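Subject: Structure for you to look at

Hello,

Here is the structure I said I would pass on. Please open it beside this message and follow along.

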Amino acid sequence: MNVRNCRKCGRIFNYVMGPHICPACKDALEADFQRVKAYITDNRNATVTQVAEECEVEISQIQQWLREERLSLTEGSGIILQCETCGAAITSGRYCEQCKHKLSKGLNDVLQSGRKAEPVVEKRKRDSDKMRFLNK
């Protein structure tokens, strides 16, 4: 049994997986998410500050949902995210499509270079590898 304290309210709860928050705080966070999602859908030109004030949610939490790709923005949105690599405007996530492609290609190249077939060396059977018995 893995018991932890909730990072938001401090209550003790049985931790299974995911963020270190209790089920009650997790439900409240999900309700906040649904409220923010509905507000952004209805008010496409709202800024992050407006959304945070109207929905009573921290700006950092809204940005986290955008980075996790739980929320996605439309093209004319007042909320602006930037690619962490090149600074290009994006609608959700951490990287633009070009940087995602570069990262993916780089990782694939590294994996391919590490997977070269190594020659299989068969161990030669020698007489010294056999079991020996001593005659007394």
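Below are notes on its aromatic pairs and on some of its charged side chains.

This is a predicted model, in which local features need pLDDT of at least 70, side-chain atom pairs count only at pLDDT 80 or more, and totals for chains, interfaces and linings use all residues. Residues are numbered from 1 along each chain as its sequence is written, and side-chain values use heavy atoms, with hydrogens and water left out.

Rings of Phe, Tyr and Trp (its six-membered ring) pair if their centres lie within 6.5 Å; planes under 30 degrees apart are stacked, over 60 edge-to-face, and the rest tilted. This rule gives two aromatic pairs. Phenylalanine 13 and tyrosine 15 are edge-to-face, 6.3 Å centre to centre with 75° between the planes. Phenylalanine 33 and tryptophan 65 have centres 5.2 Å apart and planes at 75°, so this pair is edge-to-face. Both phenylalanine 33 and tryptophan 65 are buried (under 20% relative accessible area; exposed is over 50%, partly exposed in between, with a 1.4 Å probe and protein chains only).

Arginine 70 lies over the face of phenylalanine 33, 3.9 Å from the ring centre (a charge sits over a ring if NZ of Lys or CZ of Arg is within 6 Å of the centre and within 35 degrees of the ring normal). Arginine 70 also meets glutamate 30 in a salt bridge of 2.8 Å, N to O (a side-chain nitrogen of Lys or Arg within 4 Å of a carboxyl oxygen of Asp or Glu). The whole structure has seven salt bridges.

Regards
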